[in-house]
Each structure stands twice: as C-alpha cells, then as structure tokens.
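Good morning, and thank you for coming.

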Amino acid sequence: VGVDAEHGKVVAAPAGWPDERFRAVLGSRLPIVQAPMAGAGGVELAVAAMAGGAVGSLPCALLKPEQVRAQAAEVRARAEGPLNLNFFCHQMPPAPDEGEWLALLRPFYDRFGLEPAAGEGPGRAPFDAAMAEAIEAVRPEIVSFHFGLPDGSLLDRVRAAGARVIATATTVREARSLARRRVDAIIAQGWEAGGHAGSFLSPPEEQLGLIALVPQVADATDLPVIAAGGIADGRGVAAALTLGAAAVQVGTAYLFCPESLVAPAHRAALASERAERTVFTNLFTGRRARGLATPPVDELGPVRPEAPAFPHAGAALAPLAAAARERGEEGFVPMWSGQAAPLARAEPAAGLTKRLAREALALLGAKA
Ligand SMILES: Cc1cc2nc3c(=O)[nH]c(=O)nc-3n(C[C@H](O)[C@H](O)[C@H](O)COP(=O)(O)O)c2cc1C
C-alpha cells in the first residue's frame, strides 16, 4: 500500500502490478477494463467503473452515431479517466431467407397464437464512416473492436483521432492477425466469456480457454494482453496477470451492479442457481454467444443451422419476445452470462472495481 498524493488516501501501491504497460495503453489507474456490453451497459455503468479506477466502456454496436456522441458527452461531463468506445466489425450478410427458421420456431408462435413472421430485430450495424466521424468528434482514448477490425482507411481515421486501438482474439491465429495490423493491445477472450465470442478467422468452437489463450497470445505477439472471460473476483484477476496478461476485461461481474441495464428477470436469474449453467448458443443472433439456458435453448438445442446469419436471427424472435413479455414469461431475449457469474455479487461498480484490484494485489503480493 501507499498514499494517493492527490486525495491523501491509503491506496494499493502501483508498483504491485506485474505488467506496467497497461498504463501506457489504457491510461487507467487500475489494470481493469469494464467490458463494453451492448444492451447491458451504458453511461451509468461506465461512469461508475471509471470512478473506481477502471477504463469505462460504452458499447456502441446498437447505437446511432448521434447517440454515441451524446452518451460520450455525458460520460465526459460526469467522469474523469480513459473512455473506450466499442464497435462490431462483422460483415453484414444479405437479408436471409427465413423460411426454415420460421418453420422451426412455429411451435412457439402457435403457443402465443401468432402467425410466424419476422419482426424488427435489434439493428447491430458494423463500424462505418459515420461512426468514424463520431470518433473524430468524441476523441475517445481507446477504441475497441469485436469480430475483427475495420478496413485500413477506417482504422487510420480512428488512429488519427488519437485513439489507441484494441481488439478481441479468441485464438492465437487471430491474435497474430491483429498484431500484424498493429493494434496497441489484444483482448484475449476465453471460452468462459459471456456474450458473443469475438471470433473472426477461427470458427467459434475453436475458441481457447483463457488459461491456455493468455500466455500463448503474450508469447506470440509481445503486445500487452487484456484477459477476458470468467474473471469475476480477485483470484481471477491475479491468475490472469500471472499468466502474462497486462490487464483484464470484466463483463459478467459488472452485470450484477445496480448501474447495469440488465432486465429484472435477467438480474434475478444471474443471482440464482441458474447461473451455474451457461450455454454457447446461436439462436438469438445467428452468432455464438454465451448465456444462461432458457426454455427455447433447451427445447431446440443451443446451436441450430436454421438460424440466419448474424445479426438476422433475432428478427424472428422479436414478436415472440414481445408476446412472452406480456404474459410475464421469458426465454426469447438472451440472458448473456459468462461461466463465472456465481462468483459475482451485487455491489456498486466503483466498489467492485476497487475490490477486484485490492483482492488481486493481495494475492499477487503474497505470491511475491
Ligand atoms: C451482456 C454482455 C454483453 C456483451 N456485449 C459486448 C459488446 O457489445 N462488445 C464487446 O466487445 N463485447 C461484449 N461482450 C463480451 C465482453 O466484452 C467480454 O469479452 C466478456 O464479458 C468477458 O467475460 P465475462 O463475462 O466472463 O467477464 C458482452 C458480454 C456480456 C456478458
């Protein structure tokens, strides 16, 4: 421990962190990134995590450029520290033929007395020129990408706006490919992680577990590694840093915070024994993502070839989700969760951030 000169408080000594490169890449007090979580985190969560010393992240995949600007302005007005804006980089497939998918879902439509028909799914658009313009206006310290990187000219604009670029790899092959495109750090996302696997070269079922992925990415690229997946207490943070990560990115544990946007049913399920069982499923969006098992996943099986390509699968579920909501039932909206949810607890995000750091430093110090 040492004394924070600015606030006169006793704080964990920075010298305790094994890889100081996180300071240059992330610019945060602590080697912790509050994971961007589309639909589940927004301004409140980012502000609170930043108050605790983490990098605050705004997930932008479901936002319009003007919403990105407005949310970023709100964070800037309420918090100090580095801000990460997060985008998806998938290829948008043409509108699919949903015949087989609707036929598979017919029994569910029948249960609600509905005709099978796709509704309006959440519009997950890939990063584009309009978003690059938003970045030029916001000038975030960090931009993170999921499902690969944008093309060279868009990436140049992000860098020219002063942002450090970080991106997700789920295999060593993906990490090497990101390193060749000169990212500043690699988010090594393990199989344990909640939400979508950020795979872009490797098939999602080849995603490595975090304990195998982190040291291999560190060795293969020499870049700072940000470990993501299954980290929900100080033991996970200390383990990831011991494996060679410079920082961690934590998602599921932040879902438990009062500042997250998770729906009440999702929050209750995360805090229950149901959180012991997660599945990797493509039913909700067409891409594989980890979440709690829900009735449709159990009835259909978690991975179905009939589900249209990302992000189109969600449209056919929208009418079912609306009908279920009216009856107070669940199941047609995803309840994303990583494998470590049972380790998490409900507490404000600033406190969670500080506790993760404190517990990890104690373990790392004991080891030293
Ligand atoms: C509810 C939820 C939503 C997510 N949405 C995004 C997203 O929009 N962008 C992204 O890069 N990662 C997203 N992720 C993945 C996280 O960035 C991170 O890889 C993951 O949460 C780490 O594993 P953990 O949940 O076990 O902590 C999401 C994860 C969750 C749980």
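Let me begin with phenylalanine 280, which at 11% relative accessibility counts as buried; buried means under 20% relative accessible area, exposed over 50%, and partly exposed in between, with a 1.4 Å probe and protein chains only. Tryptophan 191, at 32%, therefore counts as partly exposed.

A word on the source: this is a predicted model, in which local features need pLDDT of at least 70 and side-chain atom pairs count only at pLDDT 80 or more, while totals for chains, interfaces and linings use all residues. Residues are numbered from 1 along each chain as its sequence is written, and side-chain values use heavy atoms, with hydrogens and water left out.

Rings of Phe, Tyr and Trp (its six-membered ring) pair if their centres lie within 6.5 Å; planes under 30 degrees apart count as stacked, over 60 as edge-to-face, and the rest as tilted. By this rule there are 10 aromatic pairs. In one of them, the centres of phenylalanine 108 and phenylalanine 332 are 5.4 Å apart and the planes stand at 75 degrees, so the pair is edge-to-face. Both phenylalanine 108 and phenylalanine 332 are buried.

Tryptophan 191 and phenylalanine 280 also form an edge-to-face pair, 4.6 Å centre to centre with 70 degrees between the planes.

Finally, charges: one sits over a ring if NZ of Lys or CZ of Arg is within 6 Å of the ring centre and within 35 degrees of the ring normal. Arginine 290 lies over the face of tryptophan 191, 4.7 Å from the ring centre.
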